[in-house]
Each structure stands twice: as C-alpha cells, then as structure tokens.
Amino acid sequence: MASHDFARSVLGVIGNVISIILFLSTVPTFYKIWKKKSVEQYSPVPYLVTFVNCGLWIFYGLPFVHPHSLLVTTTNGAGIVIESVYLLLFIIYSDSKKRIRVILVLIMEIIFLGVLFALTLTLAHGTKLRSAIIGSICIAGNIMMYASPLSVMKMVIKTKSVEYMPFLLSLFCFANGVCWFSYGLIRFDPFVVAPNGIGALFALAQLVLYAIFYKSTQRIMAERQAKGELNLGNVTPSSRSNNSQLEFV
C-alpha cells in the first residue's frame with residue numbers, strides 16, 4: 001500500500017511538471033501574437049475552456065472535497081494563473097468584436113465557478129458527495145478542454161495545414177493525459193481516469209494529423225513566402241519613386 005501511495009505521489013509530481021510545461025507550451029504562440037499585435041486566426045476557445053477547467057480541478061483537489069489530492073490543486077492553481085495571462089493577451093490583441101465575446105465568456109465562467117463552489121459547500125455535506133458532484137462536472141470540463149482543439153482540427157483537415165495547431169500543445173496534452181490517467185489508476189479515481197484517458201486519445205489524434213499534414217504545411221508556407229517575394233519584386237522603380245514622393249508630401 002505504501003509503495004502504491006509513493007508511486008502515486010511520484011506520478012502526481014511528474015504530472016505537475018508536465019502540466020505546467022503544457023500550460024507554458026503555447027508561450028511561442030502568444031509571443032507571435034504579441035509581436036504581430038494580432039491574434040490572427042488563433043481561437044480563444046482552448047484557453048477559455050482550460051481556464052474554467054483549472055478552476056474546477058482546484059476545487060476538486062481541496063481536502064474538504066476530495067482528500068489526498070492536493071497535487072491536483074497545485075498544478076491547476078499554476079494553470080489558472082498562466083491561462084489568465086494568455087486570455088489577457090488575447091483580449092488586448094483581438095478586434096473589438098472578438099474582445100467583447102471573450103470578456104463576456106470569461107465573466108460567465110467566473111460566475112459559474114463561484115456559484116458552483118458556494119452551492120456545493122452549502123448543500124453537499126461530506127467529501128464523498130462533494131467529490132461525486134464536482135468530479136462529475138470535472139469530467140465534462142476535462143473532456144471539453146481536450147476536445148476544444150477539434151475546431152482547429154477541422155480547419156487543419158480543410159486547409160491541409162497545421163500552421164494554427166501548435167505541435168507542442170498537442171504533444172504535452174498527450175503526455176499530460178497519459179500521466180494523470182496512470183495517477184488515477186493507482187488509487188482508482190474514475191473522475192481522473194476517464195477524462196484523462198479520453199484526453200490522451202484526442203491529443204493522439206492531433207499528433208496524427210500533424211504528421212499527415214506537416215509536409216503540406218511547409219509547402220503552403222513556402223509558396224506563400226515565394227508569392228510575397230514575387231509581388232515585392234514586381235514593384236517597379238517608378239512606383240518606388242512615386243511612393244517616396246508621396247511619403248514626403
């Protein structure tokens with residue numbers, strides 16, 4: 001039994017590390033957004049879903065909800081802080097229509113979490129009932145988090161390009177799902193096993209798509225770059241001169 005608890009703790013620590021790497025894996029994406037001052041075609045859905053999902057798991061891992069699961073709370077505590085930064089950048093660099101939509105969804109998520117926590121602590125007595133209520137909602141939230149890139153996967157299949165599906169995000173989603181699935185198996189916790197097992201499968205599907213469309217993506221990006229250079233080369237000396245004159249007017 002002690003060895004099982006030790007193995008579970010080790011997997012929990014590894015899961016914390018992988019989860020934080022997962023949360024940070026989209027830093028290059030947001031660096032690109034910051035540099036271009038635009039979110040372009042990136043979707044806010046994965047980050048909105050991850051935000052509310054982290055909030056749910058923070059609550060689930062607390063001792064008065066599900067004892068002996070504090071490692072679940074720590075990893076999701078870090079996650080909700082990181083996702084908050086991402087969403088702030090998304091709000092700053094979105095157009096006005098998308099910005100309002102993201103802010104409204106974020107406010108609704110915060111209200112939902114607050115009401116859920118208050119009702120559960122007030123009306124549900126005992127950790128077993130609280131675990132069942134919050135755990136069931138966490139399953140739905142986790143599956144939504146892992147499935148949220150499905151819209152991006154649809155775009156990948158349609159465009160034959162993985163440009164807007166970050167590879168690192170898919171890779172660490174897969175590793176994260178496998179690790180927490182194993183963690184939940186040791187001291188069997190269906191609320192951890194089910195969503196992370198499904199999540200690992202979703203992430204694996206994304207990695208398969210990445211392998212299929214990687215070459216076509218490189219070709220599309222090369223053609224786009226060549227077209228841009230061609231258009232630049234078609235600018236005549238006279239037009240450059242006219243442009244220069246206009247700049248000084």
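A residue is called buried when its relative accessible area is under 20%, exposed when that value is over 50%, and partly exposed when it falls in between. The views below are taken from a predicted model, and each legend describes one part of it.

**View 1. Overall architecture of the protein chain, with ten helices and zero strands.** Followed along the sequence, the chain reads α-α-α-α-α-α-α-α-α-α. Of its 249 residues, 41% count as buried.

**View 2. The salt bridge between Lys-36 and Glu-40.** The closest N and O atoms of Lys-36 and Glu-40 are 3.4 Å apart, which meets the criterion because a side-chain nitrogen of Lys or Arg has to lie within 4 Å of a carboxyl oxygen of Asp or Glu. By this rule the count comes to one salt bridge. Glu-40 has a relative accessibility of 28% and is therefore classed as partly exposed, since that class lies between the 20% and 50% limits.

**View 3. Lys-37, a residue other than glycine with a positive phi.** Lys-37 is placed in the loop that runs between helix 2 (27–36) and helix 3 (45–60), and its phi is near 60°. Most residues other than glycine have a negative phi. With a relative accessibility of 48%, Lys-37 counts as partly exposed.

**View 4. Lys-160, in the loop between helix 7 (150–159) and helix 8 (167–186).** The phi of Lys-160 is near 60°, again a positive value in a residue other than glycine. The relative accessible area of Lys-160 is 46%, so this residue is partly exposed.

**View 5. The packing of helix 3 against helix 4 (residues 70–92).** Two packed helices are described by the angle between their axes and the distance between the axes. The axes of helix 3 and helix 4 come within 8 Å and cross at roughly 150°, which means that helix 3 is roughly antiparallel to helix 4, the cut-off for that description being an angle over 145 degrees. The crossing of these two helices is left-handed. On the side of helix 3 the contact is made by Tyr-47, Leu-48, Thr-50, Phe-51, Cys-54, Gly-55, Trp-57 and Ile-58, while the residues of helix 4 that take part include Val-72, Thr-73, Asn-76, Gly-77, Glu-83, Tyr-86 and Phe-90.

View 6. Thr-73 counts as buried because its relative accessibility is 12%, a value under the 20% limit. A polar atom of the Thr-73 side chain lies 3.4 Å from the backbone oxygen of Gly-61. If neighbours within four places in sequence are left aside, Thr-73 is in contact with Trp-57, Ile-58, Gly-61 and Leu-62.

**View 7. The packing of helix 3 against helix 5 (residues 96–123).** Here the axes come within 10 Å and cross at roughly 15°, so helix 3 is described as roughly parallel to helix 5, given that angles under 35 degrees receive that description. The crossing of helix 3 and helix 5 is right-handed. From helix 3, the residues Leu-48, Val-49, Phe-51, Val-52, Gly-55, Leu-56 and Phe-59 meet residues of helix 5, among them Val-102, Val-105, Leu-106, Glu-109, Ile-110, Phe-112, Thr-120 and Leu-121.

**View 8. Thr-26, in the loop between helix 1 (2–24) and helix 2.** The relative accessible area of Thr-26 is 1%, and the residue is therefore buried. Not counting residues up to four places away in sequence, Thr-26 touches Tyr-47, Tyr-86 and Leu-169. Of these, Tyr-47 on helix 3 and Tyr-86 on helix 4 also belong to the contact between those two helices.

**View 9. Ala-124, in the loop between helix 5 and helix 6 (127–147).** Ala-124 has a relative accessibility of 3% and so counts as buried. Once residues up to four places away in sequence are set aside, Ala-124 touches Leu-119, Leu-129, Arg-130 and Ile-133. The C-alpha atoms of Ala-124 and Val-65 are separated by 9.8 Å, although these two residues are 59 residues apart along the chain.

Conventions: Residues numbered from 1 in each chain as written. Predicted model: local features only at pLDDT ≥ 70, side-chain atom pairs only at ≥ 80, totals over all residues. Heavy atoms only, no water. Helix = DSSP H or I, 4+ residues; strand = E, 2+ residues; numbered from the N terminus. Buried < 20%, exposed > 50% of the residue type's maximum accessible area, 1.4 Å probe, protein only. Polar contact = N/O pair within 3.5 Å; in protein donor to acceptor, adjacent residues only side chain to side chain. Contact = heavy atoms within 4.5 Å. Axes fitted to C-alpha atoms, helices over the stretch in contact; angles between N-to-C directions. Parallel < 35°, antiparallel > 145°, perpendicular 65-115°, else oblique. Left-handed = near helix turned anticlockwise from the far one by under 90°.
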